[in-house]
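Dear colleague,

Please find below the structure that I am handing over to you. My findings follow directly after it.

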Amino acid sequence: MGEKRSRSFYVLAAFFGAYVLFLYGPMIAIYILSFQGPDGGLTFPMNGVSLVWFGKVFSGSGIVDIGAAFKRSLELGLVVMVLTVVLSVSAGMAFRKSFRGATFLFYVAIASLIMPSIITSLGIALEFRLLDDFIIKSGADNWTTAMGLFTSGLGAHLTWTLPFGLLIMFAIFNRFDGRLEEAARDLGATPWQTFRHVVLPIILPSVVGIGLFGFTLSWDELARSSQAIGSVNTLPLELQGLTTTVTKPDIYALGTLTSGVSFLVIFAALVVILALQARQRRHGSDAGKGMV
Amino acid sequence: MMLIFTLFFLLPLLFVTIVSAWDYNEYEMIPAFSLRGYTDTFEGCIAGLPDLCTILKTYLKTLKLCLLTWSLTLLIGFTVAYFLAFHVRSKTWQIVLTLLCTIPFWTSNVIRMIAWIPLLGRNGLVNKGLEGIGLIQQPVEWLLFSEFSVVLALVHLFTFFMVVPIFNSMIRIDKRLIEAAYDAGATGWQTLVNIIIPLAKPGIVIGSIFVITIVMGDFVTVGVMGGEQIASAGKIIETRLSALQFPAAAANAVILLGITILIISSLTRIVDIRKEL
């Protein structure tokens, strides 16, 4: 690595720039198009600027009940987020010591991550269908279905978010200095105190990251939900349904809104992470400050 | 955690396997052993030889899409990761640029697919632009709702899965090795081929596993970007499901699963995933 930027740097930088443009360009196009005037169509050019299509989304005219789907997705996302954080952190802690079935659980998590979504989804659908059949046969007359947003839907989302959470925890603890805990223990801290006052503050920024993954992955999840969600739809499912039927920019408006929520969450999480890291730097080390 | 994976992952897989060997009629599944799910899938395959039957054609097409997407994501992902790992010098910039690549991953896939429509459609920007500079007289039809748009969208969506593991491998390469190579008189290209690529191999393999499994099972992208006209392995399952032919869907799932496991196990022979974290 010489001091001067080589020619390949500029070539690669240009390539990177093109990649970023490729990533963001189309998205930006639909954000702009969602402000299409009332007579505008699905493509450029813009016919004036308006908020008509956003109004359409909120009033619910023309398309399905978006408000309800929005709320459902939000609730599910939050539940998935909390569960992902709690389970990933505890599993992450457990994996630091070897326990029976550790390797097996690890491979299951990886398998769950890379399993084609449709298969998982189909499996969960079958599982609940058979469960329903069984319950009906054993005499429950009014039973309809156990399938729903917070049973099969939640499970489907967790098979997707938990592996990510677990992998992030692995990454954290591979760089974690175990001597810090020993020090705490030597000073007489209980296991809970050690976790609460030593381990948690150090890993907190990454835990926020896990939460971010948990929420956004659930918020946008589509393939796994498709068969396993029961009778009601989440927002991405509604969106997918709309792609084939809608010919007006209201679908872009909806897309802009959905992405807006994603960006809000990402932004909030990043701010929290940065704040936490800044705090760590301030309080982290008193090396070189002499005895207090 | 184990409980959740058992309930929502292992048991479902088991049920898929069991149900794939059940009988079925027009509206329900019958818990009796039958290979109808499989035989129906391959219906007419032997009679129709030497012409390929629909199912084989579909799988071949899925493999083709998969291969195309894989090579493109690998090429783009490797270049992007290489740039991030070796040419961006300050840590802050590395984080900022990595985040820049990650943020779209946290937003909705469907929206990122829809986003191509105003660009590629018949009256989209690309067609208008090409007409504007006089390259074409008629709008190009194959831009949207075609294999082209499917691969484009897949590359767009999933290059991220290549960038991250490859970047992760590259960042751990000892910079002194590269200097040593440079001092020993290796050209940039020789360093790339003989040092960086072998050392980044674990990342490449992990990224490949992600991309291949996602594309093999994908039905959403193929559905939306293919205008519901292109068949793929995942799409077959979905179609069977909407016809409520659960055993047939399950049989297809088992076949897909088999192919996927085959690909993964041959790839994992090359690296041990757990060591790479």
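Helix axes are taken here as lines fitted to C-alpha atoms, over the stretch in contact, and the angles between them run from 0 to 180 degrees between N-to-C directions. Please note that this is a predicted model. The predictor assigns the complex an ipTM of 0.73 and a pTM of 0.76.

I begin with chain A. Its secondary structure comprises 11 helices and 0 strands. Of its 292 residues, 38% are buried. Where contacts in chain A join residues at least 6 apart in sequence, 78% of them link residues at least 24 apart.

The axes of helix α8 (residues 147-171) of chain B and helix α11 (residues 201-217) of chain B come within 7 Å, crossing at roughly 160°. Because angles over 145 degrees count as roughly antiparallel, α8(B) is roughly antiparallel to α11(B). The crossing of α8(B) past α11(B) is right-handed. Residues making this contact include Leu154(B), Phe158(B), Phe161(B) and Met162(B) from α8(B), together with Ile206(B), Phe210(B), Val211(B) and Ile214(B) from α11(B). By class, 14 nonpolar and 4 polar residues take part in the contact of α8(B) with α11(B), and no charged ones.

As to confidence, chain B has a mean pLDDT of 74, with 70% of its residues at 70 or more. Within chain B, the highest confidence falls in helix α3 (residues 54-87) of chain B, at a mean of 83, and the lowest in strand β2 (residues 29-33) of chain B, at 61.

Yours sincerely

Methods: Residues are numbered from 1 along each chain as its sequence is written. Chains are lettered from A and ligands numbered from 1 in the order in which they are written. This is a predicted model: local features need pLDDT of at least 70, side-chain atom pairs count only at pLDDT 80 or more; totals for chains, interfaces and linings use all residues. Helices (H or I, at least four residues) and strands (E, at least two) are DSSP runs, numbered from the N terminus. A residue is buried if 20 or more other C-beta atoms lie within 10 Å of its own, exposed if 12 or fewer, and partly exposed in between; C-beta atoms are placed from the backbone. Two residues are in contact if their C-beta atoms, placed from the backbone, lie within 7 Å. Angles under 35 degrees count as roughly parallel, over 145 as roughly antiparallel, 65 to 115 as roughly perpendicular and the rest as oblique. A crossing is left-handed if the near helix is turned anticlockwise from the far one by less than a right angle, and right-handed if clockwise. Ala, Val, Leu, Ile, Met, Phe, Trp, Tyr, Cys and Pro count as nonpolar, Asp, Glu, Lys and Arg as charged, and the others, Gly among them, as polar. pLDDT is the predictor's confidence in each residue, from 0 to 100.
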